[in-house]
Amino acid sequence: MTYTPASEFKTRPDLLGRFGMVASTHWLASGAAQAVLERGGNAFDAAVAGGFVLHVVEPHLNGPGGDLVGIFATSGGEPTVLMGQGPAPAGASVEHMRAEGLELVPGAGALAAAVPGAVEAWLMLLRDHGTWELGDILAYAIDYARNGHPILGRTVSTIATVADLFRDHWPTSADHWLVDGELPEPDTMVRNEAYASVLDRLVAAGEGAATRQARIDAARAAWGSGFVAEAIEEFVRTPHRHASGTDHSGVITTADMAGFSAAYETPVSTSFRGHTIAKAGAWTQGPVLLQILNLLDPLDDALLDPCTPEGAHTILEATKLAFADRDAHYGDGADAERMAVLLSQEYAATRRALIGDVASREVRPGLDAKELPPLRETYDPAAAAAGVGEPTVSPTGDVRGDTCHIDVADRWGNIIAVTPSGGWLQSSPTIPALGFCLGTRLQMTWLEPGLPSTLQPGRRPRTTLTPTLVLRDGEAVTAVGSPGGDQQDQWQLLYLLRTLVGGYTPQQAIDAPALHSTSFPGSFWPRTWTPAGAVVEDRLGEALIASLRERGHAVEAAGDWSLGRLSAVTRDPATGTLSAAANPRGAQGYAVGR
């Protein structure tokens, strides 16, 4: 049996060139990043400019009050993780949540907010690896915020879903997102003058400083311990409605904000088919992709083909085993020796034997896991009805999988992938003085004791954000990532299998039909699971779907073009050739370059 060949049809070309390449989830972010490259900026300047534009133009997918995870390599340098995930505030404890009458951290409301990390991380990256002044970088986002940008239909749909919540309980959000109490029309120009003013003040904070680095550090201070932090603490003191249906105050303070700094970390990695795959550590779900690749690596190519019944089944079963380990063992402060075992080839060999001919309906972690998260097939009917697949939001504001992504490669050999998220417009009430709201990353922690991801003040929640860097012979050759919550590494897995095993081009791999498992507790409130659950695009075919069902998978067909929002850039160190590819689903992602 041979690997299924790529379709002759592509939704767009694989872009090829030598100057610079950008791919992201929104055309305006890609265009801004490419404009920076054209004006002499490097990949890091471009990524930061594009990242701040994403805050403005995809507010239902990320925001300044959210977080990010990045991974990059400078020309000839080692892969490095950009850590932009803030911790739980000092007042966010299990005891406080229980005293508030909660069994789960809510999926919407300021009580679920970790310390915002995205802006701090973008600014640190610009200071250390960029070349441009902050004012020049932020000019693109300031222009779109102050003078207008076309609001996406999907943004309007999100606002429509939570419009009654805004009207009844979050009046500051209603004032910000509704026009005379009604929905904005898709593609009409909308503005966020409050956020434009915030960015202006960050730039102004550095006036008079002697160096570019000092000017950026002044902006970081204005954000983390100045006017932004003060506005956040003052606003969240007022109780407001949460996804639990009850009212609570937030607990984040200026001290929490001032105590956080972004950081650089060494990635974890594994070898797969002649390449090194690098990911962020166990405070993300990133190592799960490495575990799946270890399970699949020795198998025949045909079993690594998502377009065949045998391949789809094998991929789903390997995925379930790795995600069971994620939920039992991953978290901020995860045991390093235990993680080393989980990522070893010897451990993978013992786990590979558990892949049978019939779909497992169990959660089966290894290493004698003593504690597991609660396994609930249902929790809140309204939230459970929010749906699966690409971004969804319930009327109570909780969300699944809403994120964005940007990749950049430049002519000097720099390459970066960043996945920003959180701070969605539906996360918590808009802070009027700032023009944005806080995130809800703490919903990924548990209130049950003894788990690596149990809520603990000062610890980072285990995030789903998980970009990937691929290296060959020690040189970074691919930066890739995707929105999608628990699906991010599953969809990136398909990309890697198709490009590294099947020989697909990046655009062919992104276009190809996708699938993923839901047979583990979800990372987003209400944290439910579907035993043997599998979601597939209909394009995989009736025969494959029928075969999966015969093998015991609880299959949900999600439509022809519904799963996956990947983007990627690549570079060939030998020739200097660069490429970029972007997701066609939703007609929003965009790749550009030359």
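Which strands does helix H12 (residues 287-296) lie across? Select H12: the helix lies across S10, strand S11 (275-279) and S16, and runs at about 25° to S10. Contact here means heavy atoms within 4.5 Å; axes are lines fitted to C-alpha atoms, for helices over the stretch in contact, with angles from 0 to 180 degrees between N-to-C directions. Helices (H or I, at least four residues) and strands (E, at least two) are DSSP runs, numbered from the N terminus.

The model is predicted: local features need pLDDT of at least 70, side-chain atom pairs count only at pLDDT 80 or more, and totals for chains, interfaces and linings use all residues. Residues are numbered from 1 along each chain as its sequence is written, and side-chain values use heavy atoms, leaving out hydrogens and water.

Next, select helix H17 (residues 488-501), which lies across S10, S11, S16, strand S17 (475-481) and S21 and runs at about 165° to S11.

Then display the sheet itself. Seven strands form an open, antiparallel sheet in the order S1-S22-S21-S17-S16-S11-S10; two strands pair if DSSP finds at least two bridges between them. Strand S1 (15-17) and strand S10 (268-272) stand at the edges with a single partner strand each, so one side of each has no neighbour in the sheet.

Within the sheet, select S21 (residues 567-571) and S22 (residues 578-582), an antiparallel pair with five bridges. Thr570 stands opposite Ser579 in S22.

Finally, move to Thr440, in the loop between strand S15 (415-421) and strand S16 (468-472).
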